[in-house]
Amino acid sequence: MKKYMGITTVIIVGLLAGVFYWGEYDLKLVPNEPDLRPRIEEGSPSEMSEKFDLSGGSERDNRGFPQRTIVDLVSLHPTLFFREGSQKAKKVALTFDDGPDSVYTPQMMDILKEYNVKATFFLIGNRAHLFPEVVKRMVNEGHVVANHSMTHANIAKLSKDKVYQEIKQAEDALYKIIGYRTALFRSPYGSLNSEQVKQIGSYNYKVIAWNVDSLDWKSLSAEQVKYNILENAKEGSVILQHSSGSLEEDLTGSVAALPEVIKILKKDGYEFVTIPELLKIPYKK
Ligand SMILES: [Zn+2]
């Protein structure tokens, strides 16, 4: 009898382990994540994988540009480098980096449209080639299109010539779609040195950083993104979110946080403006 009980126990334990194992395995197969691979409007699938890549790598591997450095660059180049607007008015600017794509950028624009908010999108030239219709929609809906380099290169690691190419090629790519030449630049990963600020300034650009980082590129939940923004937003804030990323970045939380962020800041009396409005600088040449 004891022998049978032993065998029965082993079988039951084995079955339970199997159920848990396969249960977990099943969970992994449930497609509860959005399809992060955008559908292209133009070009071939190989062009897609080549051009959708962030040439400097994912934000995760490259970020590490402290606010301290940003503050230093602002004080060294007060007419070229900006991280916030005047603290005298209850105005803030939403900014979205790394678009366009066909997954998150349209969702962000749907929400902005619903709440009648205009924002500033820092776009990657290569991606603009892939999703021209998304860029056109941006302009049609009153958003400002700005330059975020051609390939999302790590600018601080580039030669002077390469920096020029990154900016100029993106400017040309965007010009073909939007019909104006961008005058606002944000450096990928925030990475930039003082000499490069002067160099980029010589091409009639203002460099735009931020003082509120949603950290949404870490694939945070809506609650976390909302907290990061609302805890830090104040008069004149430039808020950083992403409207696309590398393929492993899940921006679902950032999208879900946006309506709440807008509602709460509006209720607190804040007005949402674009970067050129907040900083009183031109966005085109
Ligand atoms: Zn970026």
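Student: In what sense do strands β2 and β3 pair, and over how many bridges?

Tutor: Strand β2 (residues 91-99) pairs with β3 in the parallel sense, over 4 bridges, where pairing requires that DSSP finds at least two bridges between the strands. Residues are numbered from 1 along each chain as its sequence is written. Please keep in mind that this is a predicted model, in which local features need pLDDT of at least 70 and side-chain atom pairs count only at pLDDT 80 or more, while totals for chains, interfaces and linings use all residues. The names of helices (H or I, at least four residues) and strands (E, at least two) refer to DSSP runs numbered from the N terminus, and the protein has 12 helices and 9 strands.

Student: Are the two faces of β3 buried or exposed?

Tutor: A residue counts as buried with 20 or more other C-beta atoms within 10 Å of its own, as exposed with 12 or fewer, and as partly exposed in between, the C-beta atoms being placed from the backbone. In β3 (residues 120-123), T120 and F122 on one side and F121 and L123 on the other are all buried, so that both faces are covered. Across the protein, 40% of the 285 residues count as buried.

Student: What does D98 touch, leaving aside residues up to four places away in sequence?

Tutor: Contact here requires that two C-beta atoms, placed from the backbone, lie within 7 Å. D98, which is found in strand β2, touches I124, H148, H152, H242, S243, S244 and G245. The C-alpha atoms of D98 and G125, which are 27 residues apart along the chain, are separated by 9.5 Å.

Student: Which backbone angles deserve a second look?

Tutor: Most residues other than glycine have a negative phi, and most peptide bonds are trans. In this model the peptide bond from G99 to P100 is cis, with omega near -5 degrees, and P100 lies in the loop between β2 and α5 (105-114).

Student: At roughly what angle do the axes of α10 and α11 cross?

Tutor: Two packed helices are described by the angle between their axes and the distance between the axes. The axes of α10 (residues 222-230) and α11 (residues 252-267) come within 8 Å and cross at roughly 40 degrees, the axes being lines fitted to C-alpha atoms over the stretch in contact, with angles from 0 to 180 degrees between N-to-C directions. That makes α10 oblique to α11, because angles under 35 degrees count as roughly parallel, over 145 as roughly antiparallel, 65 to 115 as roughly perpendicular and the rest as oblique. Residues making the contact include V225, I229 and L230 of α10 and A257, V261 and I264 of α11.
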